[in-house]
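I set out to look up the salt bridges in this predicted model. My entries follow.

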Amino acid sequence: MRLVVGFLVFFGFATSALAVCEGTDLVAELPADQRTAIDAAVSEIPYAQGLFWQAERGDTRIIMFGTYHIRHELTDVHAAALTPHIAAADRAYFEMNRADKALAQSAFGSDPSLMFITQGPTLPDLLGDEDWQVFKAQMEARGFPVFMAAKMKPIWGSMMLGIGPCQARNGALNSEGIDITLARIAADNDVPDLSLEDWRTVMTLTDAYDMDEQIEMLRLSFPFADQADDLQYTLLQRYLSGEVALVWEFSRLLSVQDGGDAAAEEFDRFEELLLTRRNRAWVDLLLKETPGQTVFIAAGAAHFPGRNGVLYLLEQEGFEITALAFDP
């Protein structure tokens, strides 16, 4: 399975704004039959279009914004537009609040085994010379030194190849995305910033895959590594248009079309780990902690659409879901 949705799990540090990376919209370039199939799939998905939502039940009001975790040219504009909604909330939830983000960053520094191979063969041996040379060249194009690329866990390597060289050169891997910006805005307005889950949840998602599975994922990432700038351009432009479900179905198409007989099943497995289980846990937490309050939530946009998405799960609990205008 090709992890073209790897951008969903990166963590950033503060730096200057990113330069704009241009590219080709690969959705627009799809053959007619593939685009028709994607559009048909999207038409069946609840809450497929939109970034800004409200869920109300009685005196409980939940305002939700679907984020794109990597900083982009409209990050500050979006943050400014969302500030009044955060300031009016009783509490604000993020996948990781500021304190947990700091813990996660500290964990990466103190426990290399979270991202790197610390025992046994490293990627030059696991991949073989030909594939290692491909991976090394791609990582060097993204600014990673050879010694770091050699020891990176394969599944993290797959995710890094999802970041285009242009984005990497312009700070995508060390820039502050909107999530932490909004958490700081909450603090500035005396609104508690809380986490939707334990910070270790995302850090340990990759533990579900053994080394052989991870190596296969990494190899399947190679054919599209040269198109990563176009992929990221496509995902960002479609995100900015609110086409969240289309982004996910496009990711599914790319992951499945060259991934072999088990690719569809593997994509479903990844979706279950990355989205479905976490969505259910988040909704359980909200039902427990937010009755009678107005709360703001910022989380990855892919968590909201679909029958296993946060919006539909809240609807099943009696919440009225409304799409809110967002045109900053």
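Entry 1. I looked up R91 and found that its side chain forms a salt bridge with E289, with the closest N and O atoms 3.5 Å apart. R91 belongs to strand β3 (residues 91–94) and E289 to helix α14 (residues 263–289), so this pair ties together parts that are 198 residues apart in sequence. I then checked the accessibility of E289, which is partly exposed at a relative accessible area of 31%.

Entry 2. I turned to E95 and R278, whose side chains meet in a salt bridge at 2.9 Å, N to O. I placed E95 in the loop between β3 and α3 (98–110) and R278 in helix α14, so the pair ties together parts that are 183 residues apart in sequence. Are these two residues buried or exposed? I noted that E95 is buried, with a relative accessible area of 9%, and that R278 also counts as buried, at 4%. Both assignments rest on the cut-off for buried, which is under 20% relative accessible area.

Entry 3. I next examined E271 and R252, which meet in a salt bridge of 3.5 Å, N to O. E271 lies in helix α14 and R252 in helix α13 (residues 244–257), so the pair ties together parts that are 19 residues apart in sequence. I recorded R252 as partly exposed, with a relative accessible area of 22%. I also followed the shared partners and found that salt bridges join E249, R252, D268 and E271 into one network.

Entry 4. How many salt bridges does the model contain by this rule? I noted a count of 17.

Notes:
Residues numbered from 1 in each chain as written. Predicted model: local features only at pLDDT ≥ 70, side-chain atom pairs only at ≥ 80, totals over all residues. Heavy atoms only, no water. Salt bridge = Lys/Arg side-chain N within 4 Å of Asp/Glu carboxyl O. Helix = DSSP H or I, 4+ residues; strand = E, 2+ residues; numbered from the N terminus. Buried < 20%, exposed > 50% of the residue type's maximum accessible area, 1.4 Å probe, protein only.
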